Amino acid sequence: MAIERDPRVWVLLKDDATYQYSSEELDAIEALDPEMALRLDRVQFMASQNRAPMVDDSPVDVAEVALAIEEARRILNRDGGDIELVAIEDRVVRVRMKGACVGCPNSVMDLRNVVERLVRARAPGVTAVVNTF
């Protein structure tokens with residue numbers, strides 16, 4: 001079952017998956033959607049703990065990508081969603097959003113703000129994470 005989000009939350013979210021929300025921004029999001037604020041805060045914390053120096057030409061570590069996808073799976077499962085690692089092509093990770101994520105308007109936001117952040121924190125060589133249907 002998809003959870004309806006307050007439309008005012010969308011205005012506060014950034015398109016850049018590497019963006020670091022300030023405490024004030026997270027507080028504003030929390031006032032409208034406490035669950036989304038918690039997710040963003042958790043992902044940012046995990047990304048900061050797993051951050052490696054960014055090297056543009058570093059090889060993509062498949063094992064680290066798989067671990068990040070597994071972590072994302074646990075987060076998405078809480079709302080009935082799921083995710084599957086489909087392929088890694090060049091520096092692009094292809095995933096398939098499943099379960100409640102299919103057709104959910106929040107899945108795009110979750111892909112960018114949760115999945116891509118986790119993957120890029122563990123595997124800095126990844127340039128993008130895209131949903132494959």
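Predicted model: local features only at pLDDT ≥ 70, side-chain atom pairs only at ≥ 80, totals over all residues.

Biologist: Which element gives the largest share of the lining of the second largest pocket?

Modeller: That's α5, with four residues. The elements that give two or more residues to this lining are β2 and α5. Among the lining residues are Arg96, Met97, Ser107, Val108, Leu111 and Arg112, and the pocket holds about 170 Å³ of space.

Biologist: What makes up that lining, in terms of nonpolar, polar and charged residues?

Modeller: It divides into six nonpolar, four polar and two charged. Gly103 is in the lining, and glycine goes with the polar group by the definition used here.

Biologist: Now the helices. How do you describe the way α4 and α5 pack?

Modeller: In general, you give the angle between the two axes and the distance between them. Here the axes of α4 (residues 62-77) and α5 (residues 107-122) come within 8 Å and cross at roughly 150°. The crossing is right-handed.

Biologist: Which residues of α4 and α5 meet there?

Modeller: From α4, they include Val65, Ala68, Glu71 and Ala72, and from α5, Val114, Leu118 and Arg122 are among them. The residues of this contact divide into 11 nonpolar, no polar and four charged.

Biologist: Why is Glu71 called buried?

Modeller: Buried means under 20% relative accessible area. Glu71 in helix α4 has 7%, so the label buried applies. Leaving aside neighbours within four places in sequence, Glu71 is in contact with Arg42, Met46 and Leu118.

Biologist: And Arg117, is that buried or exposed, and how do you know?

Modeller: Arg117 sits in helix α5. Its relative accessibility is 4%, so against the cut-off of under 20% it counts as buried. Not counting residues up to four places away in sequence, Arg117 touches Asp16, Tyr19, Tyr21, Val43 and Arg112, among others.

Biologist: What makes the phi of Asp90 worth a mention?

Modeller: Most residues other than glycine have a negative phi. Asp90 isn't a glycine, yet its phi is positive, about 55°. You'll find Asp90 in the loop between β1 (81-89) and β2 (92-99).

Biologist: Why is Asp90 called exposed?

Modeller: Exposed means over 50%. Asp90 has 73% relative accessibility, so it counts as exposed.

Technical notes:
Residues numbered from 1 in each chain as written. Heavy atoms only, no water. Axes fitted to C-alpha atoms, helices over the stretch in contact; angles between N-to-C directions. Left-handed = near helix turned anticlockwise from the far one by under 90°. Contact = heavy atoms within 4.5 Å. Buried < 20%, exposed > 50% of the residue type's maximum accessible area, 1.4 Å probe, protein only. 1 Å grid on protein atoms, 1.4 Å probe; cavity = no way out; pocket = protein on both sides within 12 Å on 5 of 7 lines; lining within 4 Å. Points joined across faces, edges and corners; volume = space filled by probe spheres on them.
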